Amino acid sequence: RTRSVEVEYQTLLEDESEWTAPENIDQFLQYTYDYFVGKGFATIAIGKSLEIVEMLFVAVMLTFLVCFIDYSQLSLVQHLSQAIAYQGTPFLVGVALLFFSSYFSWHVMLTVRDLYKFWSVADFYKRILKVDENRLPTMKWAADTTDRIDGVVDRLIKVPRLVRTRQQVTVLDIANRIMRRDNYLIALANSATPANQNLLRLPRWCWNVLGGKQLLATQVLERAVQIVIMPPLLAYAEAAERRLNSPPSPLPFGSMNDPSLQPQRRVTAMQRAAASIRTRARVLAVVGLVLAPVAALYMTLHSALEYAAALRSRPTALAARTWTPLTRWQCREYNELPHVFERRMNKAHQPAQKYLDAFPRTYLVVPARFGSFIVSALIACLLLLSLAEDDVLVKVEIAYGRAGVWWLGVLGSLLAVFRSVMPDVHVAHEPQKHLNEVTAHTHDAPLAWQGRAHDVAVRDEFSQRYQLRLLLALRELLSLLLAPVLLAWHVPYLADDLVTFVDRHTANVEGVGTVCQLALFNTKGVGDGGKLAKSMISFQAHHPKWCPPPASKATLAGVAAFARATPRKSRAQEQRGDVRRPRRRSRSPDTAPPSSRTNDNDDNVVVGAQDDADRTSRTASAIESSFAQLRASLEHSDDFRAGPAVLRGSSRGFARGGGGGGGGDDDDDDNDAAVSALDNVVDQMVAARIADAITAGTAQDINQLLQESDDF
């Protein structure tokens with residue numbers, strides 16, 4: 001059956017008349033991806049319809065509670081219906097209902113439009129991709145090399161003339177179109193060079209209030225950035241693309257630097273984009289100032305209802321934590337689609353909570369244990385009273401004019417809070433192990449954390465990234481009030497720097513258009529090496545059939561050589577956080593384990609692979625030693641310009657015997673190849689950033705870069 005479906009699928013794709021490329025291919029691919037994530041039209045339609053009902057329910061309930069209940073009569077009546085009477089509409093509620101009606105109508109129109117688009121996408125899935133809706137829940141976006149059935153994106157790239165300007169597209173092209181805007185935000189959030197560290201930076205007085213240093217610190221500010229900043233920047237890039245009429249730019253920084261554009265025209269275009277950002281920021285500031293009370297009221301009520309439902313089923317929900325918005329953007333990788341990113345970050349929740357639980361606040365544990373005992377005793381007394389008389393908890397006033405049922409609910413919530421502070425004595429916590437599990441999923445492991453998982457300073461820094469949901473909700477409310485101020489007075493000062501950043505990090509690709517240059521996975525001339533390498537590895541892992549460009553192949557080969565050359569740590573070393581890697585001696589055929597002695601061929605393969613690993617292991621150990629020597633020399637040297645010479649001289653000296661014990665000419669040849677691959681990684685991904693720091697001439701910057709290169 002699978003074979004017949006694939007044959008029918010290939011036969012249909014050979015008929016190009018079945019498919020006509022849409023005008024807005026970016027929008028079409030976005031709906032195609034959302035359809036995959038939503039798992040079919042029926043699920044999407046139900047979800048969007050219930051979202052409208054939820055909004056209407058919140059508005060109706062708020063209006064009912066404020067305008068239709070006589071609270072002075074509640075204590076005098078037996079039934080709630082006797083206290084229901086129209087009390088008039090306060091001015092603020094009337095304004096809120098007016099704005100809500102406008103927003104609700106606009107949201108309904110957008111929902112109808114989206115459902116119409118999804119209906120056409122469902123037809124595309126069924127007719128062209130040959131994917132029925134009932135297959136989507138178990139279907140992959142990109143299939144593995146061992147899968148017999150292609151994933152959705154594997155089928156998309158086989159559609160003839162999916163893009164009007166190109167016959168065939170790649171999975172990287174599709175990811176760049178879907179992530180066109182998000183890739184720029186990832187680059188902005190992770191801008192590491194000194195010239196770019198002020199991009200999106202908040203004023204210092206906002207750091208503690210909003211819990212971050214960038215405008216991406218809260219979801220409200222993040223949404224404001226997407227509305228105010230991104231459209232003018234993308235329009236600026238697309239305008240230059242239209243002037244070039246689709247051929248790719250020969251220069252590395254995209255169509256903005258094309259020689260056909262006169263310098264004055266380019267400067268004028270940049271000034272126009274910056275002016276557009278300033279205008280949009282001030283307009284949105286006024287709109288936000290007007291809507292802030294209404295939005296704050298809606299968010300407060302919605303959050304209260306959400307937490308009420310969570311507290312009923314799980315009283316410890318008040319202590320729940322999640323990743324901050326800024327941390328999410330810093331951990332996200334280029335071209336990483338949302339469903340892949342969410343799955344990766346969700347895997348980090350459990351070890352992250354275990355890591356924080358390994359640091360019990362002892363000064364709170366003892367009072368919490370005492371309070372838990374007292375509250376449990378009071379709850380037990382109330383339950384015993386209910387056994388004596390059925391309705392004693394309802395009719396009898398216990399204290400402060402409240403019945404037993406009210407006190408039972410309060411004491412139950414208080415007991416949950418006390419127990420959330422108390423650690424589980426039956427769990428053995430291993431901070432280093434938990435932190436290693438977290439960083440394995442988040443792909444963010446600062447070198448300062450290695451070997452210091454037990455340090456309270458590391459715990460505090462980690463908790464700033466993984467914060468309480470309740471605290472984040474309060475900061476979202478504060479950002480509603482602060483957003484107009486920041487948009488009116490702070491964002492306009494960032495406009496010129498933002499346009500310059502996008503100008504320098506934009507590339508024009510035939511059939512794709514203008515995209516973030518870092519998302520093309522071309523490591524030449526790119527300083528953000530560590531982030532780029534991790535993104536490439538992750539993209540290759542989730543798209544095994546993707547064929548990288550030549551420059552990316554060289555980098556991936558170097559990373560693979562380094563990984564093969566590095567022995568795995570023992571369990572004891574992982575728990576200690578030991579960053580030094582032990583050397584591993586090669587086994588002779590006589591000492592090989594029994595499992596590798598099945599036959600002569602298998603024995604030769606095992607021993608040969610072990611010898612290769614041993615040779616490259618010596619090289620890796622020597623390279624690590626070289627970085628340590630380089631750091632020590634720079635710490636005690638005033639001439640920072642000697643840094644590149646030390647780095648290159650040390651790395652190239654390994655092939656001449658610095659990599660470990662001898663092994664003959666073959667060992668030297670293999671050692672040369674490994675060093676060459678690793679040297680390419682150093683050249684492409686570290687040297688550019690080290691050169692920038694050396695130009696600045698600060699030992700602190702150089703040491704930080706060396707630590708990051710060691711970490712990578």
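**Labels and their cut-offs**

Modeller: Of the contacts in the chain between residues at least 6 apart in sequence, 71% join residues at least 24 apart; contact means heavy atoms within 4.5 Å. This is a predicted model, in which local features need pLDDT of at least 70, side-chain atom pairs count only at pLDDT 80 or more, and totals for chains, interfaces and linings use all residues. Residues are numbered from 1 along each chain as its sequence is written, and side-chain values use heavy atoms, with hydrogens and water left out.

Biologist: What pLDDT does the chain average?

Modeller: The average is 75, and 68% of the residues score at least 70; pLDDT is the predictor's confidence in each residue, from 0 to 100. Over residues 1-9 the pLDDT is below 50, although this stretch has 14 contacts in the model beyond near neighbours in sequence. Residues 578-617 also have a pLDDT below 50, with 50 such contacts.

Biologist: How many helices and strands does the chain have?

Modeller: There are 29 helices and 6 strands. Both are DSSP runs, numbered from the N terminus: helices are H or I with at least four residues, strands E with at least two.

Biologist: Why is helix α7 called largely enclosed by the rest of the structure?

Modeller: Buried means under 20% relative accessible area, exposed over 50%, and partly exposed in between (1.4 Å probe, protein chains only). In α7 (residues 180-189), 9 of the 10 residues are buried, so the helix is largely enclosed by the rest of the structure. Among the buried ones are R180, D182 and N183. Across the chain, buried residues make up 43% of 712.

Biologist: What makes a group of residues a nonpolar core?

Modeller: The members are buried Ala, Val, Leu, Ile, Met, Phe, Trp, Tyr and Cys residues joined through side-chain atoms within 4.5 Å. The largest such core has 94 residues, and those with the most contacts inside it include Y35, Y125 and W141. Helix α11 (residues 263-313) gives the most to this core, with 8 residues. Another core, of 17 residues, lies apart from it and includes F341 and A453.

Biologist: Which side chain of opposite charge is nearest to E476?

Modeller: That is R475, 9.1 Å away. Lys and Arg count as positive and Asp and Glu as negative, while His and the chain ends are not counted. A salt bridge needs a side-chain nitrogen of Lys or Arg within 4 Å of a carboxyl oxygen of Asp or Glu. E476 is buried yet has no salt bridge. E476 lies in helix α20 (residues 469-489).
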